[in-house]
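Good morning, and thank you for coming. Please look at the sequence and the structure on the screen, and I shall then take you through some of the details.

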Amino acid sequence: MTAAARPYHHGNLRPALLAAAVEAIEEASPATVSLREVARRAGVTHAAAAYHFGDKAGLLTAVAVDGYRLLAEALRDAQAHGSFLDVGVAYVRFAVGHRAYFEVMYRPELYRSDDADVLRARAAAARLYGSDDPSAAEMEAGVAAWSRVHGLATLWLNGNLPARLGDDPEQITRAVATHLRPPDPTPGT
């Protein structure tokens, strides 16, 4: 479709551009995606995409915000219906099932990491701590758990786990992360 043939008005342009960005990231990487390519995929002009996001960093900022919101929802659900380990499994499930978002969220050099929406969404996703106002011990346990499952998810996504662990990332997480436990509420015992 030529630039002259692409309609400027799209209806739900912002969601369409975000979906096109996620699709493009899934096929390549967040570093190689361009605003022009995303506009082409959405069937609109580059100017239309630039109107909504300004530039590539603005687009990836919106992707990061959506990613953190999706992650927060997944972790909240796991926390409400499962154990501390289930929250870790939900994190890995999110990374594997939403790779494009995951890859953007943890590449803050690609987007505006100080954006107010990013900061709010990231804070809402900090569920591995076990509460909205974690104690020092909960925060330490949460960061340890997050480090473990983030590393496991990254190793899985990059194909760097030993093959004999199998091909089910959730099962691997449950096996490897058996030590994911909240801190003992009775210290010194």
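Buried here means under 20% relative accessible area, exposed means over 50%, and partly exposed lies in between, using a 1.4 Å probe and protein chains only.

Before I continue, a word on the source: this is a predicted model, in which local features need pLDDT of at least 70 and side-chain atom pairs count only at pLDDT 80 or more, while totals for chains, interfaces and linings use all residues. Residues are numbered from 1 along each chain as its sequence is written, and side-chain values use heavy atoms, with hydrogens and water left out.

Let us now see the whole protein. It has nine helices and zero strands, where helices (H or I, at least four residues) and strands (E, at least two) are DSSP runs, numbered from the N terminus. Of its 189 residues, 39% count as buried. A contact means heavy atoms within 4.5 Å. Among the contacts with a separation of 6 or more, 69% are between residues 24 or more positions apart.

I return to T61, which is found in helix α4, residues 56-81. What does T61 touch, leaving aside its neighbours within four places in sequence? The residues in contact with T61 are Y111, R112, D115 and V118.

Next, consider α4 itself. At its start, a side-chain oxygen of D55 reaches to within 3.3 Å of the backbone nitrogen of A57. At 1.5 Å a residue, the 26 residues of α4 should span 38 Å, and the end C-alpha atoms are 38 Å apart, which agrees. The expected span is 1.5 Å times one less than the number of residues.

V63 is also found in α4, and it is buried, with a relative accessible area of 1%. Not counting residues up to four places away in sequence, V63 touches L18, A21, I25, Y101 and V104.

How do α4 and helix α7 pack? Helix α7 covers residues 116-124, and the two helices pack at an angle of about 20°, with their axes 8 Å apart. Axes are lines fitted to C-alpha atoms, for helices over the stretch in contact, and angles run from 0 to 180 degrees between N-to-C directions. The two helices are therefore roughly parallel to each other, a term for angles under 35 degrees. The contact is made by T61, V65, Y68, R69, A72 and R76 of α4 and by D117, V118, A121, R122 and A124 of α7.

Finally, I turn to T173, in helix α9. Is T173 buried or exposed? At 0% relative accessibility, T173 counts as buried. Its side chain reaches the backbone oxygen of P169 at 2.7 Å. T173 also touches L85, G88, V89, V92, V149 and L152, not counting residues up to four places away in sequence. Helix α5 (residues 84-97) and α9 (residues 169-176) pack at an angle of about 145°, with their axes 9 Å apart. T173 is one of the α9 residues that make this contact, and L85 is one of those from α5.

How values were computed:
A polar contact is a pair of N or O atoms within 3.5 Å; within protein, one must be able to donate a hydrogen and the other to accept it, and residues adjacent in sequence count only if both atoms are side-chain atoms. Angles under 35 degrees count as roughly parallel, over 145 as roughly antiparallel, 65 to 115 as roughly perpendicular and the rest as oblique.
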